[in-house]
Amino acid sequence: MTDKITALYCRLSQDDMLQGESNSITNQKAILKKYADDNGFHNTVFYVDDGVSGTTWERDGFKAMMADVESGKVETVITKDLSRLGRDYLKTGELIEIVFPDYDVRYIAINDGVDTFKSENELMAFKNIFNDWFARDTSKKIRAIFKAKGQSGKPLSYPIYGYKHSETDKNLWVIDDEPAEVVRKIFRLCIDGYGPSQIARILTQEGIPTPTAYSLSQGRDNGHKNAKLHRWSGKTIGHILDRLEYVGHTVNFRTRKKSYKIKKTIRNPQEEWLIFENTHEPIVTQEQFDLVQELRKHKRRPTKHEEVNPFSGMVYCADCGKKMYLCRATSLAEDQEHMKCSTYSSDKNACSAHFIRTIVLKEIVLGELNKMVAFVKENEAEFIQAAMDNSAQKQTSELSKAKKAIKQAEKRIAELDRLFTRLYEDNVSGKISDERFSMMSAGYEDEQKKLRATVTELTSYIETAEQKSSDVTAFIQAVQKYEHITELTPEIMHELISKIVVHAPDKSSGHRTQEIEIHYRFDVAVTTAVADSMKYDKKRKAA
């Protein structure tokens, strides 16, 4: 008789619930308490894990019990059977045969007849293996069910922030108005030029509840126990801005678990995702989403000036092809801030020392954009024809080459199928050895794999190229939103322009001029302008 604890451990998983009341926590408690009372075990304490798999050891009740074991408070551990302790035969065996004896703890599994105080229990190892196999088999069945559900287009995850389950169909997401408005605000702020960290700071200052805080306020627990409830993070904002679900699509198989024993989540490559379009109501438009993705390609650190640079990531050097970056400082006046070639900055022998003042570039781009807006509005049909002709001239030869390459690849794939069949027949008849067959067939299969990848890539290129007409329409719709542009914003820049190319300065005329190429989105047009710094300075002085 001692004052040490008799630990009565109960565990129930989601799968155990399907087997009826026999495994319920209430039933386990009753069995354990009766056994303890009938056999003279005193000072009993229950440790419970309800709804937790036996393949994981991250269980609150189990960890509390083991903390008491390691501190010397426990004399006996009793479970209904071995599977209640765990379904990982390696860890379960280690606990029973090494850990518990090391702390002088007696272990009893009532239904399996295991009592470490009485015998060696030779069959215990086999029972643990069967429990492990049961967990493995259950995991396979669950994965198969999830795979079938995911391939049918039903969402596999709980509704993300901004959505909730439909009251009539649990497989359908509907908009949750309050968080959906926050999602729209996040996308608007990103389009306005704010980065994730800046957006997070704005939402925190405005006292908007974080996704975790909102879930808790609705009586839901999203599992993020250590989340900061009153402070948004840039990571959370970035995650929201990346989700295709916000344009109404279902995305399945983004992640997977390493195994049924290792619960670590691994992100699948994007080509392994299954995307089902238009499965629920969108919160943001496809155009807004695409624009945000374009903006986020040119991520930048927030500047001390807290001003958005509309040219960030869009201006390129004509000589080396690398990006030009903004040079600004508190010591520089507004008309001294400039874009500089990044190659020249790192290696003065690799490119020329050309730059352009941002105030000059703004004037040039504003002027050209307004010319484009006016032209499209007044000559829409002519613009469409010119854009299509321009595209056709560039793509006709490339598309022809791509289609020819696909035909050649498909012909070779069919030829390899015939060669493989002949090779197999020669192997069966004994004309070539098994080793030779293995070597040659492996070579054919590798070649076929590469050819199929080439066909997929070329097919995708052709499909993209042949979508030109819809691209021109999208560009016209974007242009028609504007009457006259008075200020350059990141939204306008990325919506209408793909890149700006700055050439080296020309001083042959006695003053500095530079050629500027403006490449509009979807390759609909390219305009060229000349930046003349002297004319610009005279204009400013006259003003």
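What covers the buried residues of α11? The cover includes α7 (177-191), α8 (196-205), α10 (234-242) and α17 (490-496), where contact means heavy atoms within 4.5 Å. The model is predicted, so local features need pLDDT of at least 70 and side-chain atom pairs count only at pLDDT 80 or more, while totals for chains, interfaces and linings use all residues. Residues are numbered from 1 along each chain as its sequence is written, and side-chain values use heavy atoms, with hydrogens and water left out.

Helix α11 spans residues 286-296, and its buried residues are Phe289, Leu291, Val292, Glu294, Leu295 and Arg296; buried means under 20% relative accessible area with a 1.4 Å probe, protein chains only. Helices (H or I, at least four residues) and strands (E, at least two) are DSSP runs, numbered from the N terminus.

The axes of α7 and α11 lie 9 Å apart, and the two helices pack at an angle of about 50°. Axes are lines fitted to C-alpha atoms, for helices over the stretch in contact, and angles run from 0 to 180 degrees between N-to-C directions. In this contact, α7 contributes Phe187, Cys190 and Ile191, whereas α11 contributes Gln288, Phe289, Leu291, Val292, Leu295 and Arg296.

Elsewhere, 5 strands form an open sheet of mixed pairing, ordered β2-β1-β3-β4-β5; two strands pair if DSSP finds at least two bridges between them. Strands β2 (44-50) and β5 (114-115) are at the edges with a single partner strand each, so one side of each has no neighbour in the sheet. Strand β4 (residues 106-109) runs antiparallel to β5, joined to it by 2 bridges, and Ala109 stands opposite Val114 in β5.

Methods:
Buried < 20%, exposed > 50% of the residue type's maximum accessible area, 1.4 Å probe, protein only.
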